[in-house]
Amino acid sequence: MTATETQTRNVGRGVNLKVLGPILALVVLVIVGAALNGNFLSAANITNVLSRSAFIGIIAVGMTFVITGGGLDLSVGSMAAFIAGLMILVMNAMLPMMGPGWPLVFVGMLTAMVAGTLAGFVNGFLITTMRIEAFIVTLGTMGIYRSLVTWLADGGTLSLDFGMRSVIRPIYFDGILGISWPIIVFALVAITGELVMRRAAFGRHAAAVGSNDQVARYSSVNVNRVRMLTYVFLGILVGVATIMYVPRLGSASPSTGVLWELEAIAAVIIGGTMLKGGFGRVWGTVIGVLILSLIDNILNLTDGVSPYLNGAIQGVIIILAVILQREKKAES
C-alpha cells in the first residue's frame, strides 16, 4: 500500500468519525437513559425534552453560522432575556388599547423580531465596522442586555397580564398532530439552516470567511457583509426563540436565558463545527442540542449526579470537543 493510499484511508476514517461520532453519542445516551429510567422513552418525556430544547436549538442554528464565519456571540442568553422583557412590556402597555387577542400577540412577535434584528445588527456593526474583537463586543453586550432587563424588571420579574397568558399559551403548548409548535419551528429552522449552509452562496461564503478572510476577499467575497449577516441572522433567531419561550412561563427576569450561550456554543462544537471557523454543519448542531438535552433529562430522572452540575458537564464537553478537533486537525 502506497503512502498516498494510506493517507487517503486515514482521512476517510477521520471523516467517518466526525460524521458518526455525534450520532453514536446520541444513540448511547438514549440507551443509557432507557436503562436508567423506564419513563425515559415515554411520549410525554420525549415531547418535553424536544420542546424545551427548541429554544437553544433555534439559537444554536444561528450560532452555527456565526462560528462558521469565524465569529462568536456570548450575548445570546442576555439578549433573549432582554427581548422577552421588552416583548412583555410592549404587550402589557398596548393591552388597554387593543384588548387581549391575537392582534396584540402579533405586536409582541413583531417587537421580538425587530429587537432581535437590531441587537444582532449592533453586534455585527461593532465587530465588522468598528473592528472590535467579537469576544469583547459580545461580552460587553451580554452585560448590557442583562442589566437592561434587570432595570426594566426593577430587580424582580416582568409578568405578562394574566388575561393575555391564556391567549398566548397555545404558541408553546399546542401544535399539530401532537407535535408542539416549538418543535415544529425548530425543525423548520434547522432544515432551512442546513439548506442555506450547504446549497446557498451565503453558507459557502461564511465558511470561506471563517477559513481565511484574506483569501475570501481575493475571491470577491464581501467579508464584512457576510459577517454582519451572520450576527443579524443569529439575532433574528434569538427573537424567534424568545417568541416560543415567553408563552411557556409568561414572564421574564434577570435569570432568564442564563447559560444559554454556553449551551448553544456547546451544541455547535459537539456537532462538528470548527470553533475557529471555516466549517459548519447545522444537522450536527441539532444532534448536539439533543445530546445536551438528553444529558440534562437523564440527570433530572436519576439520582446519580445532581442536575445542578449540568453547566459543569457542558463546560467539560466543550473543552473535550475542542481538544478532539485539534487532534483531528493535527492528524490531517
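The model is predicted, with local features needing pLDDT of at least 70 and side-chain atom pairs pLDDT 80 or more, while totals for chains, interfaces and linings use all residues. Residues are numbered from 1 along each chain as its sequence is written, and side-chain values use heavy atoms, leaving out hydrogens and water.

Q: Why is Thr138 called buried?
A: Buried means under 20% relative accessible area (1.4 Å probe, protein chains only). Thr138 has 0%, so Thr138 is buried.

Q: What makes Leu126 partly exposed?
A: The term covers values between buried and exposed, the latter being over 50%. Leu126 has a relative accessible area of 25%, and therefore counts as partly exposed.

Q: Which residues does Thr138 touch, not counting residues up to four places away in sequence?
A: Contact means heavy atoms within 4.5 Å. Thr138, in helix 5 (residues 134–152), touches Leu72, Asp73, Leu74, Ser75 and Asn123 on that basis.

Q: Which residues is Leu126 in contact with, leaving aside its neighbours within four places in sequence?
A: Leu126 lies in helix 4 (residues 102–128) and is in contact with Arg131, Ile132 and Val137.

Q: What describes two packed helices?
A: The angle between their axes and the distance between the axes. Axes are lines fitted to C-alpha atoms over the stretch in contact, with angles from 0 to 180 degrees between N-to-C directions. Helix 2 (residues 43–68) and helix 12 (residues 260–270) have axes that come within 8 Å and cross at roughly 65°. Helices are DSSP runs (H or I, at least four residues).

Methods:
Helices (H or I, at least four residues) and strands (E, at least two) are DSSP runs, numbered from the N terminus.
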